[in-house]
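I opened this complex today to see how its two chains meet and how each is built. My notes follow, in the order in which I looked things up.

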Amino acid sequence: MHHIGRFGTVIAFVLLCVGFSIAAPAAFASQANVFNLLQQLATLSIVATAATLVMTIGEFDLSVGFAASLAAVVCFVMFGAGYSPWLAVPAAVVAGLLGGIGNGVLVAVYGVPSFVATLALGTILSGLSFGLSGGGSLFQNVPAEFTSLGRGSLLGVPVLAFWIVVVMGAASFVLSLTEFGRRLRAIGGNMLAARLAGLPVRRDVIVTFGVAGGLSSLAGLLLASRLGSVQPTMGEPFLLPAYAAVFIGTTASPTGSPSIPGTLLGVAITGVLANGMTILGVEPFVQKMLTGAIIIVAVLVRRLGRAR
Amino acid sequence: MSAAGNSSASPVLVLDGLGKSFGATRALDRASLSLAAGEILGLVGHNGAGKSTLIKIVGGAQAPDRGKILVDGMPVRFDTPHQSYAAGIRVIHQDAPLVPAFDTIDNCFLGRPYPKRLGTIDRSAMRQAIASVATEIAPELPLYRPVAELTVAERQFVRLLRAVVDAGRMLILDEPTAALPAEDARRFFEVLGRIRSRGTAIVFVSHRLDEVVELCDRAVVLRDGASVAELTGDDLSVGRLIAEMGGGAAAASTRTGPSPAAPAVLRILGFRTPRIGEPVSLTVRAGEVVALYGLLGSGRSSLLNALWGVEPIIAGDILIDEVRYRPHDPGSAVKAGISYVPADRHRTGLFPALDLVFNKTLPLLRSYRRWGVLPIPDAAAERRAFLEAARNVSMSFGSPAQLARTLSGGNQQKLIFSRWANRHSKVMLLDEPTEGVDVMAKQTIKDIIHAIAADGDAVLVSTSDREEALELGDRVLVFRDGAIVEQWVRGEATAAGLSAAAQAKPAQAATVRAR
């Protein structure tokens with residue numbers, strides 16, 4: 001059964017692409033649409049990578065979207081005050097990193113359930129974003145070097161596509177091939193056993209949440225760069241699709257565990273679905289309902305697969 | 001215990017020629033037994049002999065491919081656990097969930113209709129319903145305390161009580177004493193005896209053959225999915241059970257212990273932890289196995305945990321090879337040359353959804369670095385080390401890439417031993433090393449432990465199994481209430497002596513509460 005689930009996820013993706021290509025050959029299967037799709041999905045895939053890392057250790061991070069917003073706000077507030085991007089961008093990433101480390105300390109040192117810790121700390125980050133931005137949009141004094149981060153192209157391909165490759169490639173390498181990644185999978189597999197086996201569980205959990213915060217900031221910055229303006233709530237819509245992608249991705253793993261290639265597949269499925277439906281003129285409310293239904297189906301398939 | 005007088009009564013439960021296959025594997029093949037009211041029947045067999053499948057079929061969790069089930073002489077079919085339940089069968093697993101915050105009364109009413117009065121739950125009726133049975137079978141069991149505060153043994157009593165008050169008349173107990181020290185097991189048997197005298201039929205499934213002999217009127221032996229023998233009276237002995245199970249007889253230990261000239265490897269002086277109140281001092285020489293025996297919570301495991309760096313040390317010094325050692329976490333213990341096999345492997349040892357190589361190499365992952373420096377494990381080196389270690393501990397497995405949860409209990413335990421098999425440790429800490437493994441795996445693990453000692457390790461074994469303490473230990477120390485109360489060298493200790501020393505007070509019917 002789980003073999004159907006595993007390859008089913010890949011087959012579903014291929015079928016979706018083939019279906020939309022037949023239904024709207026000119027609009028869907030065009031180079032312009034593919035590039036557009038890559039640009040849209042780049043930021044989501046980075047947030048989903050953060051979610052994957054945290055889920056690998058068996059925890060949740062609900063603050064990813066808030067951290068993305070905060071990073072964008074910090075960066076643009078500094079632009080407004082005349083700072084150079086060489087200062088503003090690192091400051092923004094550090095803000096997200098600190099938020100993530102805060103999550104990690106609450107979870108690993110004080111034993112706060114990650115659901116609660118990251119939601120509460122995320123709310124604080126959100127408040128900070130509103131306070132710093134004054135609640136409105138920021139778009140002044142944005143240097144051209146910064147907008148090229150998310151808008152330019154390289155070798156004829158949108159530069160954001162390379163960000164997907166770099167971030168997900170690095171995360172995949174770390175998770176599957178390094179000692180650190182091995183430790184994260186052990187912590188997710190059995191935290192108590194990992195601790196008793198002598199792994200530095202506390203430190204690794206804090207580092208993981210920190211990295212997740214840093215990646216979320218990066219996604220927020222790239223989104224701001226692509227759009228050229230920032231709102232204090234702009235990162236929030238990342239949360240559900242990011243976890244949807246991780247959950248869909250777990251169906252592609254024999255043990256139902258999160259993985260970077262699985263998450264990439266999940267991002268692609270949700271992205272292609274939304275894109276194709278928009279092209280076909282499906283009403284947004286139907287799109288929403290379908291997206292929710294697909295997440296449920298994915299999780300059900302995983303449960304059925306694991307029941308064997 | 002004497003045979004039940006009513007063994008000639010017509011059986012309440014008959015299993016006749018049950019068979020069950022999973023694909024090409026024949027899990028059960030011609031398994032038969034009959035069970036009379038008021039009887040305690042032992043069911044024994046190696047891991048994989050078909051006990052679990054048989055229990056699942058009787059409990060309605062799996063349907064048999066062949067064979068019949070008769071209840072009160074009438075053929076029945078159990079397609080769901082509910083049908084088995086309705087027939088009065090209660091399968092009780094030793095870790096069957098209870099609601100920790102509920103007291104005994106509330107736990108006994110879980111999943112049952114509550115007595116009502118004026119539309120609200122009638123608590124006094126609930127209390128009466130439970131208390132009348134409780135005074136009969138387990139009078140010392142606290143009824144109004146959250147079960148989270150009860151001892152392991154008392155929680156077992158709650159499970160039994162719940163089954164009995166809810167019209168259970170055939171109890172299938174799956175390894176009920178695996179987590180109980182001998183003294184608590186004795187109280188457990190007293191409770192079982194009282195339940196049996198109410199006319200309840202009991203099937204006692206256990207690896208602890210001495211308990212089966214002592215407790216049961218009859219025992220059925222499963223081998224390769226078939227019931228191969230039924231032993232009663234004088235035939236029911238540990239030796240006969242082992243012979244029928246198809247296990248090689250346990251070789252008499254020829255161990256001689258460490259040479260008197262062996263150097264002291266581990267020295268503990270004035271050692272106290274939150275659970276060890278009386279300072280403990282202890283010296284373990286190279287090649288020596290010291291068994292720590294005692295009830296749960298007596299301090300024996302606390303000593304190991306503190307040495308491993310997962311429990312605080314309040315006072316005292318530790319010297320390893322005459323060098324001061326102060327553990328602050330397991331990482332520092334590994335560096336100091338300590339190895340550790342935790343109790344309760346499912347909770348604290350195993351990574352069930354990860355593969356065998358992962359499980360083996362994890363604690364010493366740094367030793368598989370590429371070119372010795374890159375923090376990227378060398379998969380080929382790991383695999384070689386795994387295969388070598390698996391041979392050392394005689395683990396049987398299909399492929400290094402299979403998931404740890406697919407191994408049998410004994411092989412899972414060997415997998416945890418294999419973690420330390422490619423290095424020479426100075427000190428080996430083993431907590432309940434043979435818990436829940438079958439007789440043959442038990443023997444292999446004991447051999448492994450002796451081999452570890454022969455390699456020059458100082459070995460500390462914490463155990464609730466008297467026979468194991470006597471067989472393994474060159475010295476046996478008995479813990480009671482956070483202090484060492486008795487010490488023997490090999491040959492001087494006896495099972496009765498261990499029990500007497502481990503108990504806080506002389507056996508007294510009124511003290512069901514163990515510390």
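**Entry 1: where the chains touch**

I began with the interface in this predicted model. I find 17 residues of chain A in contact with 21 residues of chain B. On the side of chain A that touches chain B, the elements giving two or more residues are helix 9 (179-189) and helix 10 (191-196) of chain A. Which element gives the largest share of that side? It is helix 9 of chain A, with six residues. Sorting the side of chain A that touches chain B by class, I get eight nonpolar, six polar and three charged residues.

**Entry 2: confidence**

The complex comes with an ipTM of 0.84 and a pTM of 0.77. For chain B the mean pLDDT is 84, and 93% of its residues reach 70 or more. I marked residues 1-8 of chain B, where the pLDDT is below 50; this stretch still has 15 contacts in the model beyond near neighbours in sequence. I also marked residues 248-252 of chain B, where pLDDT stays under 50 and the model has two contacts beyond four places in sequence. I will read both stretches with care.

**Entry 3: chain A as a whole**

Chain A has 14 helices and two strands. Its radius of gyration is 19 Å, close to the 19 Å that the globule rule gives for 308 residues, so chain A is as compact as a globular protein of that length. Along the principal axes, the C-alpha atoms of chain A fill a box of roughly 60 × 60 × 35 Å. I count 50% of the 308 residues of chain A as buried. Among the contacts in chain A with a separation of 6 or more, 78% are between residues 24 or more positions apart.

**Entry 4: a closer look at A:Ala71**

I picked A:Ala71, which sits in helix 4 (residues 64-80) of chain A. Is A:Ala71 buried or exposed? A:Ala71 counts as buried because it has 34 C-beta neighbours inside 10 Å, and the cut-off for that is 20 or more. Then I listed its contacts, leaving aside neighbours within four places in sequence: A:Ala92, A:Val93, A:Ala95, A:Gly96, A:Ser217, A:Gly220 and A:Leu221. One of these, A:Gly96, is 25 residues away along the chain, yet the C-alpha atoms of A:Ala71 and A:Gly96 are separated by 6.1 Å.

**Entry 5: chain B as a whole**

For chain B I count 17 helices and 24 strands. The radius of gyration of chain B is 24 Å, close to the 24 Å from the globule rule for 515 residues, so chain B is as compact as a globular protein of that length. The box filled by the C-alpha atoms of chain B is roughly 70 × 50 × 50 Å along the principal axes. Buried residues make up 49% of the 515 residues in chain B. Residues 24 or more positions apart account for 71% of the contacts in chain B with a separation of 6 or more.

**Entry 6: helix 5 of chain B**

Helix 5 of chain B runs over residues 152-165, and its end C-alpha atoms are 20 Å apart, which agrees with the 20 Å that 14 residues should span at 1.5 Å a residue. How many of its 14 residues are buried? Twelve are, and helix 5 of chain B is mostly covered. The buried residues include B:Arg155, B:Phe157, B:Arg159, B:Leu161 and B:Arg162. What covers them includes strand 6 (89-93), helix 3 (104-108), helix 4 (123-137), strand 9 (170-174) and helix 6 (182-197) of chain B.

**Entry 7: helix 13 of chain B**

Helix 13 of chain B (residues 379-392) has 14 residues and reaches 20 Å from its first C-alpha to its last, close to the 20 Å expected. Here B:Ala385, B:Phe386, B:Ala389 and B:Ala390 are buried. They cover an arc of only 135 degrees around the axis, which puts them on the same side of helix 13 of chain B. On the other side of this helix, B:Ala380, B:Glu388 and B:Arg391 are exposed. The cover over the buried residues of helix 13 includes helix 12 (356-361) and helix 14 (409-418) of chain B. Just after helix 13, B:Ser394 takes a positive phi of about 45 degrees.

Note on methods: Residues numbered from 1 in each chain as written. Chains lettered and ligands numbered in written order. Predicted model: local features only at pLDDT ≥ 70, side-chain atom pairs only at ≥ 80, totals over all residues. pLDDT = per-residue confidence, 0-100. Contact = placed C-beta atoms within 7 Å. Helix = DSSP H or I, 4+ residues; strand = E, 2+ residues; numbered from the N terminus. Nonpolar A, V, L, I, M, F, W, Y, C, P; charged D, E, K, R; others polar. Expected span 1.5 Å × (residues − 1). Arc of directions from axis to C-beta. Rg over C-alpha atoms; globule rule 2.2 N^0.38 Å.
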